[in-house]
Amino acid sequence: MAESDAVEAYNILVHWLIDNKLEWVAQQIEEETSLGKTEPRRLSISDSDIAALQRVYDPPRIAPPKSQSAEFLVRVDYSPYEKFDIALSAIRSVVIGAIKMQEALANTLDLDGQEISFVPGETGTIEHRYQRADVEVRLSGIHEAEQLLSQLANDVRK
Amino acid sequence: MTISPGLLSAIQTTLTATLSPNLTAGSKGDDLYEAYIWSVVLEAARNKGATVSFRNVLGQPVTGTFNFRTSPGELWWRTNNYCHAEISFAGCPPLEAHVGIYVAGRSKVRHECDVAVLYKNEADVCRSKQALPRASKVVLSVEAKYYAGSTLGLGLGRAFLGLCNEIQRNNRFFIANSPSKSIAKLLSKHTNIGFDLDFTPSTPHNVDVMRGLFEKVFAGFIAQET
């Protein structure tokens, strides 16, 4: 298992999103990975910490903590593997999930020769549309994509 | 180096070939997600014995194109002839299911419902008078959030709770495709709200559970109306 593989895979996935007009997905991934995660951590408070706090105010306004340690929520960086997981799950959810949602909607509407269109507002023109044949073509592609992404996840953790 | 040679380029090629145009459109996938949830609501209605038909804003059966909104709109808008579903349970007043419509809240303010099921007679009046459906006539509504790689902010959950106060407290659902511990914690304290923050076709069990909750709403509606 090499962190460099996770970093490389993450970068390739994010760049693929940007190159394919999915900047909004890439942006959300990068915002999340930059934000980091939080986890509870017990922090000990030394006498010098208390003294430093007291010096902030003149006259002192902070009562000395009763306990010398307490649990805080702290920010922690995601590991390269976690960042890779975030990018991978975003691609699975958005790119692969979209085709599955199209299929489910087509099934509910019993789509057979008709078309599904998405149109903004009263005056807009069609933003995107699809027919069952489009979904069927993409469905065969996503099965392959799912297999390749699973292999990538395994390789990164080897 | 443990990544198989050629794997990353094969992934890029395959993903590019399967890319759906809805993702690169201005709506960023939200519209399809809302329509997908709407389809799950309709499955739930069918599972409870409803007959479902698809009609346009003029009340005619949809024949060629099913038009869905990419942004919220008024129920009566005619230019793009948006479709909706008519849901009929035996012995009950008919319902309609819409995607992305405005309704009037308790404080007479306009609110968006990503998915809304309401009484057909209310919808008929609103179409003919160009009025907003009253929140009290909404049987079920869903707030949908479609985020890709980021955690949902707590503000979305709080805004939803505010919306629930405006549009009836019962049978309101918050559905998202991006887990958020803070929103889950917030919404779990409100037992009358159904929510799922990992709702996608790739999590079929979650979809099954939510469909079951929708079925429960329809079962309650049938019990009250018959």
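Here are some notes on the strands and their pairing in this predicted model.

1. Housekeeping: local features need pLDDT of at least 70 and side-chain atom pairs count only at pLDDT 80 or more, while totals for chains, interfaces and linings use all residues. Residues are numbered from 1 along each chain as its sequence is written, chains are lettered from A and ligands numbered from 1 in the order in which they are written, and side-chain values use heavy atoms, leaving out hydrogens and water.

2. An open sheet draws on both chains: its three strands run in the order E4(A)-E3(A)-E2(B), with mixed pairing. Strands here are DSSP E runs of at least two residues, numbered from the N terminus, and two of them pair if DSSP finds at least two bridges between them. The edges are E4 (128–130) of chain A and E2 (65–69) of chain B, each pairing on one side only.

3. Where do the chains meet in that sheet? E3 (residues 115–119) of chain A runs parallel to E2(B), joined by five bridges. Ser117(A) has Asn67(B) as its bridge partner.

4. Within chain B, look at E4 (residues 95–104): ten of its ten residues are buried (under 20% relative accessible area, 1.4 Å probe, protein chains only).

5. E4(B) is antiparallel to E3 (residues 83–88) of chain B, with three bridges; Glu86(B) is partnered with Glu96(B). Six residues separate the two strands of this hairpin, and Gly91(B) in the turn has a positive phi of about 80°.

6. E4(B) also pairs antiparallel with E5 (residues 110–119) of chain B, over nine bridges, and Val99(B) sits opposite Val115(B). This hairpin has five residues between its strands, with Lys108(B) in the turn at a positive phi of about 65°.

Methods
Helix = DSSP H or I, 4+ residues; strand = E, 2+ residues; numbered from the N terminus. Buried < 20%, exposed > 50% of the residue type's maximum accessible area, 1.4 Å probe, protein only.
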